[in-house]
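Biologist: I would be grateful for a close look at a single part of this protein. Please describe its setting in one connected account.

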Amino acid sequence: MASVPHIAVIGGGSTGAGIARDLSMRGLDVTLVEQGNLTHGTTGRMHGLLHSGGRYAVSDQKSAEECIEENRVLRDIAAHCVEMTGGLFVKRPEDTEEYFEEKLRGCETCGIPAEVVSGEEARAMEPHLAKDVDRAISVPDGAVDPFRLVVANAASASEHGARIETHSTVTDLLVEDGEVVGLEVEHASGAGKRVHGTEGGTEEIRADYVVNATGAWAGRIGDMAGLDVEVRPSKGVMTIMNTRQVDTVINRCRPKGDADIIVPHETTCILGTTDEEVEDPEDYPEEGWEVDMMLDTLSELVPMLAEARTIRSFWGVRPLYEPPDVGSEDPTDITRDYFLLDHEERDSLPGMTSIVGGKFTTYRMMGEEISDHVCGKFGIDADCRTAEVPLPGSEDFSVLRDYMDEFGLRSPIGRRSVERLGSRAEEVLQTNGPNPTVCACEGVTRAEIHDAIDGSGSDLNAVRIRTRASMGNCQGGFCVHRMASELHGRYDESVTRQAWDELLQERWKGQIHALWGEQLSQAMLNYALHATTQNRDHDPADGGSVDFTAFDGGPGRGDRSEAGVATDGGTADGD
Ligand SMILES: Cc1cc2nc3c(=O)[nH]c(=O)nc-3n(C[C@H](O)[C@H](O)[C@H](O)COP(=O)(O)OP(=O)(O)OC[C@H]3O[C@@H](n4cnc5c(N)ncnc54)[C@H](O)[C@@H]3O)c2cc1C
């Protein structure tokens with residue numbers, strides 16, 4: 001072993017990125033390996049709720065206490081990723097008084113600030129709430145951008161010396177003399193930043209310790225060493241609306257059930273969700289009736305949703321775990337707590353620990369616990385600092401207002417850019433050249449696009465998760481070609497075309513679940529612009545094509561019950 005232990009972390013979701021940051025800040029040598037982009041897995045397919053813990057205050061109080069603790073920490077260290085919207089647990093006439101009171105007591109027990117407001121007070125806060133909402137409990141829920149937060153964790157880990165490898169798949173664990181000693185990795189496009197079309201190849205990464213942070217995929221990594229890691233993947237659907245019908249997180253105050261939460265997220269609202277156990281985290285049905293249920297049930301809380309425009313839907317898979325002796329039948333009963341599985345203690349295989357379960361909201365706490373565990377293995381006495389040291393971009397967020405006037409960018413573009421960039425705004429936006437808006441829906445300028453390209457190479461999906469460009473109402477119709485043209489001059493034509501097609505394909509696949517009403521018109525316009533005018537469906541120049549068959553996916557809302565569509569388990573979606 002070298003003087004500083006080398007730790008290989010598998011998985012570039014919130015958990016893996018949080019672990020990489022923590023360990024590297026404690027001075028360990030870290031390599032993180034992720035098969036897709038950062039947030040490719042569940043982290044890029046979640047609701048964006050910064051839990052107050054209110055949701056678990058009755059059924060899962062340990063998770064609730066962890067959530068409120070981390071909610072407070074993330075507001076400080078990740079200020080540029082969090083919007084403190086506040087949350088309401090609203091009660092309709094058919095929801096019971098007993099449960100309402102139980103929720104209130106649960107919040108008190110778990111230390112979650114909670115206040116009862118009348119139906120009228122709730123409607124004063126959220127005018128589109130249904131008239132028959134009779135009471136509500138106000139809690140400190142918030143909205144969080146998972147993409148920005150994970151990228152900031154990875155950036156911080158890099159600043160502390162970590163090597164972050166995306167588009168690199170762990171194909172095997174190296175086991176020698178009964179001990180895990182590293183990973184075999186297949187790079188999709190060469191090590192380091194992604195450049196489309198470059199040769200990848202395999203690499204053996206030897207490590208003093210391996211952390212398996214692959215969430216719903218943890219069982220597959222376990223299989224590579226003959227270990228049983230019994231995660232129970234559970235899928236949930238989310239539907240994205242084109243505007244914020246509410247500015248506060250709206251939860252239904254009832255014991256459990258599908259379609260009970262609306263989260264305002266950036267320029268949109270996200271409706272969710274369901275909880276259904278699936279066999280395979282990459283292969284499960286995505287069905288139209290699930291989307292219909294979101295709209296029908298949640299419009300009982302916010303009636304205008306019934307007629308509002310959706311821009312896409314997506315599914316994610318929870319990495320749930322419960323100890324083998326519990327055996328819950330219903331996945332909603334499985335704890336949202338996390339577990340460390342030390343394979344030396346559990347399976348007599350030293351060299352690796354898996355971390356399973358948990359929430360996005362508790363990612364930092366999970367990182368702290370496993371980093372303590374790893375340091376303990378090597379007798380290293382180094383304090384965790386991730387609860388105090390802000391993430392890059394959140395160092396001095398109080399400067400936000402000053403920046404807004406500064407960069408020759410009119411509000412709301414300036415405001416949106418600065419909200420995303422936080423304290424990095426000056427460094428990114430200060431440019432002597434022209435700085436046109438590339439994505440008008442999300443207010444993303446050329447300077448921000450180039451900053452993202454600097455960080456992620458030619459991968460426009462990686463640019464997307466860093467900037468939100470192409471994630472608004474038009475779903476990339478008016479900007480994916482502009483984003484691609486920003487690669488020109490830095491990358492050659494074939495790289496640019498490939499990156500363009502890949503982003504277009506990624507944007508297209510979520511729209512299959514929103515092809516009715518106004519979004520259908522938008523999708524047809526996008527099709528006309530890209531497939532017809534710009535020839536992206538059958539380009540004779542390289543024979544490549546984008547699959548525009550989404551139009552065949554189903555007739556649209558109201559007549560979709562048979563239109564099950566298998567997921568491609570592809571790139572992270574988010575919104
Ligand atoms: C529908 C839904 C809504 C949710 N909403 C919320 C919410 O609002 N708030 C909240 O706090 N939590 C929420 N959660 C839970 C939260 O999203 C997850 O607990 C969290 O994101 C899990 O992060 P992770 O890093 O452990 O897993 P992941 O994000 O899945 O990361 C694991 C990574 O490992 C990678 N990987 C897998 N195999 C390999 C391999 N062989 N080689 C290399 N890499 C590999 C995957 O690509 C993946 O990126 C939600 C979950 C779901 C499903």
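Modeller: In this predicted model, the C-alpha centres of domain 2 and domain 3 are 30 Å apart. Contact between these two domains involves 14 residues of domain 2 and 17 residues of domain 3. The domain assignment gives domain 1 as 6–41 + 147–230 + 336–377, domain 2 as 82–143 + 233–318, domain 3 as 431–533 and domain 4 as 544–570.

Domain 1 and domain 2 both contribute residues to the shell around the ligand, so the ligand lies between them. There are 37 residues around the ligand, and those that come nearest are T15, E34, T43, L49 and T361. By class, the shell comprises 22 polar, 12 nonpolar and 3 charged residues.

Several secondary-structure elements take part in the shell. At least two residues each are supplied by helix α1 (14–25) and by the strands β10 (168–176), β14 (232–241) and β20 (310–320). Strand β20 makes the greatest contribution, with 4 residues.

An oxygen atom of the ligand is 2.7 Å from a polar side-chain atom of T15. For T361, a side-chain N or O atom lies 2.8 Å from an oxygen atom of the ligand. G41 takes part through its backbone, where an N or O atom is 3.1 Å from a ligand oxygen atom. The ligand taken alone exposes 1,000 Å², of which the protein buries 97%.

T15 counts as buried because its relative accessibility is 15%, below the 20% cut-off. Apart from neighbours within four places in sequence, T15 is in contact with A213, I355, Y363 and M366.

E159 belongs to helix α5, which spans residues 146–159. With a relative accessible area of 61%, E159 is exposed, since the term applies over 50%. Its C-alpha atom is separated by 12 Å from that of D22, although E159 and D22 are 137 residues apart along the chain.

To return to the ligand, the picture is of a molecule placed between domain 1 and domain 2, with T15 and T361 among the residues that come nearest.

Methods
Residues numbered from 1 in each chain as written. Predicted model: local features only at pLDDT ≥ 70, side-chain atom pairs only at ≥ 80, totals over all residues. Heavy atoms only, no water. Near = heavy atom within 4 Å. Polar contact = N/O pair within 3.5 Å; in protein donor to acceptor, adjacent residues only side chain to side chain. Areas by Shrake-Rupley, 256 points an atom, 1.4 Å probe, with all protein chains shown as cover. Nonpolar A, V, L, I, M, F, W, Y, C, P; charged D, E, K, R; others polar. Domains from an automatic or database assignment. Buried < 20%, exposed > 50% of the residue type's maximum accessible area, 1.4 Å probe, protein only. Contact = heavy atoms within 4.5 Å.
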